[in-house]
Amino acid sequence: MGSLFRSEEMALCQLFLQSEAAYACVSELGELGLVQFRDLNPDVNAFQRKFVNEVRRCDEMERKLRYLEKEIKKDGIPMLDTGESPEAPQPREMIDLEATFEKLENELREVNQNAEALKRNFLELTELKHILRKTQVFFDESVPAVYKSSTSHSSNKYRRYLQMADNQNEDEQAQLLGEEGVRASQPGQNLKLGFVAGVISREKLPAFERMLWRACRGNVFLRQAMIESPLEDPTNGDQVYKSVFIIFFQGDQLKTRVKKICEGFRATLYPCPEAPADRREMAMGVMTRIEDLNTVLGQTQDHRHRVLVAAAKNLKNWFVKVRKIKAIYHTLNLFNLDVTQKCLIAECWVPLLDIETIQLALRRGTERSGSSVPPILNRMQTFENPPTYNRTNKFTKAFQALIDAYGVASYREMNPAPYTIITFPFLFAVMFGDIGHGAIMALFGLWMIRKEKGLAAQKTDNEIWNIFFGGRYIIFLMGVFSMYTGLIYNDIFSKSLNIFGSHWHVSYNKSTVWNNKMLQLSPATSDYEGTPYPFGMDPIWQVATSNKIVFQNAYKMKISIIFGVLHMIFGVVMSWHNHTYFRNRLSLIYEFIPQLVFLLLLFFYMVLLMFIKWNRYAATNKMPYTESCAPSILITFIDMVLFNTPKTPAQGCEVYMFWGQHFIQVVFVLIALGCIPVMLLGKPIKIMQARKLANVQPITGADAEVGGMSNGGGGGGHGGAGHHDEEEMSEIFIHQGIHTIEYVLGSVSHTASYLRLWALSLAHAQLAEVLWTMVLSIGLNKEGWYGGVFVTVVFAFWAILTVGILVLMEGLSAFLHTLRLHWVEFQSKFYLGQGYAFQPFSFDSIIENGGSASGDAE
Amino acid sequence: MVEAYVPPVIITAIWAFIGIICPFFARGPNRGVTQCCIMLTAVTCWLFWLCCYLTQMNPLIGPKLSMNEIMIMAREWGNEIKDTMDVTV
């Protein structure tokens, strides 16, 4: 029967699949997600498996898809994600997919290469354009200042001069006619200077200049001008700032040197005509070519965009398909190939309840593949330990995860998860009890639950958010229970609600009140109405700031112990269920009963004492049951266990609460102490006796040796002779000893450990009160309009601290302590937790993990 | 005196209804777990309320109030301070 109380029954099955049908059947099983395959070829290398080629092809396809994805992301095109999972395609479709991807990849690569070449061309032309523009300035400045200064607007002379310069031009040489040049040229000698023009990145320019100066010994002349707009580098698309430079030199040697230096600094040189007319012609040519290139570039980008948009529509789909194919082939690699019968054999763990569903899926798969032979699912008997499978839904999944984090349950042992659904939020709430903070938590949880579809669809990598979202049901329940315990503690943001009217009244008269700074109400008089506040803590205790903590400490410590002892008894009772299910009669009699008796007689008795004390002692009673005679339960307990004579009580009081208490206590302690040797020795001795009986029957000569065995360790040899696979006697004794000591000492320490319920609730209440007194009440005290502004600021501060410290930090802290209480104090009474989880072959989980299919299916 | 027992009886009755009667109405595939949850909720919540009630039933000490607190109680909760002491033991 399937339920969460125990893990599901599992069966090891053998699956015989015909080779043609294997692919389709595995595909169906993957969609179902209920079968865990075992690796039947564990010692075969990954490269020697049968379907390694197909896996390689899938890897190749995935690589191409990833390349496409990268390009699509670079262009910022949104990828359509319908959330639907397409079915795994047939093997013959795989070839079509491969061809499609190949074509797309090639097209994209070609487009990218073309774009790069075009951009390089574009860059060269742009640089040339800038050079032509800037060198105009350089050549203009070569006009002698004499002409310029006096006749700056006399264009005629200027034009005539230029014509003169033009006429005297030769190929690569220009006449630099400065004043000196004029003087030098007058005797008829022309200074023929060579020049090179080019472009270099701005950062390299100073070093370039220095190098030129040093290498050419100052005989070259460099002019440079910055290009204002940055240019795009074709390879990586960076924007680089460059400068135009022109170098004038004389002679061939300097020319070679200059050219080498330019090469070294990766400056690009361009041929630049010095005649202005040529330059203008060239400039116009360059402009037209740039425009053409721009058009072509635009068209290339459009084409690329179209290709990517078309691919983006199907990309997610393709990813899913490829991953499914890969998963199927990985799984097929786990099978054994039976060559003679041309079928594949698989071994798998299957939940018993789902065998019908799996048979149906297999039949569907065989029909799809068109094979005639039906697959055979055959249950095997095995002594191996099956995996633990707990069928959870979205609500119980989180609680099961909490339990599994400590250890996966052993096969078919009692699962603590269904009880944890309520006890975990409840114990959390005992530590967190505040209506206001509980409301914040509950609303947060409720919001996450209402929006769960939308929030789950946005897959983020933010770990913290994923943890909160995964625990939304836990958070919601914790908040709701905290509101309830907050109502009982009567604490909302450190204030109390007065719903039913306080049952305490002040009966002092005016003069007493005026003359005394502090007055205490007495429960013996009419100060106390006689009946308690009907639901929760009386609101007067929140008003009585001086001794509220004294009263509440006594209360909270008692409830911590009460709930702790009950929780632990619940744990021990769970072990009873485990023993009866596994028919472990020995454990039932010699472990469970003494454990329960020990716990009940000592600690449950203490709980009963608490209830008796609550009932018997009242301020309005006569002696010896007045409040001054109420004995301390802790002292009573200690005296009981240590057999101390109790201290003589005050006048008129008695030591014991009820008649016969001393006798009962002695009896209880003696019985509890008597349980300890039963726990320690009962089971091992019984096992030893059982083995003796089993040994005696076949081997009659062993009687004498058996009789000589001592109670302690020594049965190892004989135990081992007959039963090689069972534990040795000494080990059993040691195990039992450890178990007993752990239980007995643990019962004391765990009971005290539950006092953390008191400690954390006290800390929480005090923190809330500090925030009120030190923050919010100061804000509320101010009057006037500036008081309004002030209280707004103070409220913001208070709200941030409330959410950050009290809800988040205290919440995390209480969560952790509750988890510890469950894992250690509760589960150590019965939980083994030595199973391994059931990991079915499921496409959903593989796709969620995003392509780590290689690890999952093996 | 009978009125003293009314609140505890009502509250116990409510939790008894939730814990004993409601589980019979649980339906669905997770019937067992739902029943378990309802019963556990009822038991723990009722016990928690009971402990608080029992603690305050026979208090051993009374609250210690400052003058301010007494006067605020007088004003807000209608707990008038009389001229003469009104003590009945």
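UniProt places the feature "transmembrane region" (unreviewed entry) at residues 6-26 and 38-56 of chain B. UniProt positions follow the numbering used here, feature names are shortened, and annotations may be inferred rather than shown by experiment. The model is predicted: local features need pLDDT of at least 70, side-chain atom pairs count only at pLDDT 80 or more, and totals for chains, interfaces and linings use all residues. Residues are numbered from 1 along each chain as its sequence is written, chains are lettered from A and ligands numbered from 1 in the order in which they are written, and side-chain values use heavy atoms, with hydrogens and water left out.

The two annotated spans of chain B were examined for secondary structure. Helices (H or I, at least four residues) and strands (E, at least two) are DSSP runs, numbered from the N terminus. Residues 6-26 of chain B are 76% helix and 0% strand, with end C-alpha atoms 30 Å apart. Residues 38-56 of chain B are 100% helix and 0% strand, and their end C-alpha atoms lie 28 Å apart.

pLDDT is the predictor's confidence in each residue, from 0 to 100. Chain B has a mean pLDDT of 88, and 92% of its residues reach 70 or more. Among the elements of chain B, helix α2 (residues 31-57) has the highest mean pLDDT (94) and helix α3 (residues 67-76) the lowest (88). For the complex, the predictor gives an ipTM of 0.94 and a pTM of 0.81.

For chain A, UniProt lists several spans under "transmembrane region" (unreviewed entry), including residues 469-489 and 559-577. Residues 469-489 of chain A are 95% helix and 0% strand; the end C-alpha atoms are 29 Å apart. Residues 559-577 of chain A are 100% helix and 0% strand, with end C-alpha atoms 27 Å apart.

The contact (heavy atoms within 4.5 Å) takes 71 residues from chain A and 49 residues from chain B. The area buried between the chains is about 5,500 Å², of which carbon and sulfur atoms give 72%. Buried area is the accessible area (1.4 Å probe) that two parts lose on being put together, summed over both. In chain A, A:Val506, A:Pro532 and A:Trp614 lose the most area to chain B, together 11% of what that side buries. Elements of chain A that each supply at least two residues to this side include α16 (472-489), α19 (548-581) and α20 (585-616).

Across the interface the rule finds 0 salt bridges (a side-chain nitrogen of Lys or Arg within 4 Å of a carboxyl oxygen of Asp or Glu).
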